[in-house]
Amino acid sequence: MKTLFIGTLIYLTIVSTGYAQEENKTLGKIIDDLTYKWDDEAKELNSYEGLAKFCINEEYRLGVINLLKDIHHYDSVLYDRLIKATRFGKETHEIKKTIEEIQKFEEGYDMKSFIHFLHTECSARNEIEHNAKNLKDEIGFYSYDGQIYVLENELNKYVSHITKRVDHIREHVHHLHIE
């Protein structure tokens, strides 16, 4: 019982230290960090192998999903701050552009859309792998490599759009000197 109490105490100390460190970061720094993490993940996720890892490896999948949840969360915090600034008459062209960029990101690439898209991609990947033996005898678009190429193109387009939005929001944060 004493060991359980000490273990719980150590865990709570580690968790609270992590939150304290996160609280010491500015919103701008958090958005910077999340953007760089997303850029790294996007490079891996853009390939057929990255998609396979996402589909098969639950830990990796949850990590990517949680990263995007964090990005959406802090973009919402930024959005709320900017909306509040406009209420106090501090609306600038840059603030307006940032608000629009966040709205585009939230409307087109919300968590539900992201999960639905990648679920569809994983289903397509599973079908390709299930039919791999037959597809190897096909030519062009219908071949194994052709099907992978098509799937990678769809994936690249979607992930690139997310990356573009995340990067644009980060750039706006820098132009606005958000702390």
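Guide: The following dialogue takes up each feature in general and then in this structure.

Guide: This is a predicted model, in which local features need pLDDT of at least 70 and side-chain atom pairs count only at pLDDT 80 or more, while totals for chains, interfaces and linings use all residues. Residues are numbered from 1 along each chain as its sequence is written, and side-chain values use heavy atoms, with hydrogens and water left out.

Visitor: How many salt bridges does the structure hold?

Guide: Side chains of opposite charge can pair when their charged atoms come close. A salt bridge is a side-chain nitrogen of Lys or Arg within 4 Å of a carboxyl oxygen of Asp or Glu. The structure holds 5 of them. In one, Arg 165 pairs with Glu 101, with the closest N and O atoms 2.7 Å apart. This pair links distant parts of the chain, since Arg 165 lies in helix H8 and Glu 101 in helix H5 (residues 93-108), 64 residues apart. Helices (H or I, at least four residues) are DSSP runs, numbered from the N terminus.

Visitor: Are Arg 165 and Glu 101 buried or exposed?

Guide: Buried means under 20% relative accessible area, exposed over 50%, and partly exposed in between, with a 1.4 Å probe and protein chains only. Both Arg 165 and Glu 101 are buried; for Arg 165 the relative accessible area is 18%.

Visitor: Which residues is Arg 165 in contact with, leaving aside its neighbours within four places in sequence?

Guide: Contact means heavy atoms within 4.5 Å. On that basis Arg 165 touches Glu 101, Lys 104, Phe 105 and Tyr 109.

Visitor: What separates the side chains of Asp 32 and Arg 170, N to O?

Guide: Their salt bridge spans 2.8 Å. Asp 32 lies in helix H2 (residues 27-45) and Arg 170 in helix H8, so the pair ties together parts that are 138 residues apart in sequence. Asp 32 and Arg 170 are both buried.

Visitor: What span does helix H4 reach from its first C-alpha to its last?

Guide: The expected span of a helix is 1.5 Å times one less than its number of residues. Helix H4 (residues 58-87), with 30 residues, reaches 43 Å, close to the expected 44 Å. After H4 comes Gly 89, whose phi is positive, near 75 degrees.

Visitor: Where is His 177 placed?

Guide: His 177 is in the segment after helix H8 (144-176). Its phi is near 55 degrees, a positive value in a residue other than glycine. At 62% relative accessibility, His 177 counts as exposed.

Terms used. Helices (H or I, at least four residues) and strands (E, at least two) are DSSP runs, numbered from the N terminus.
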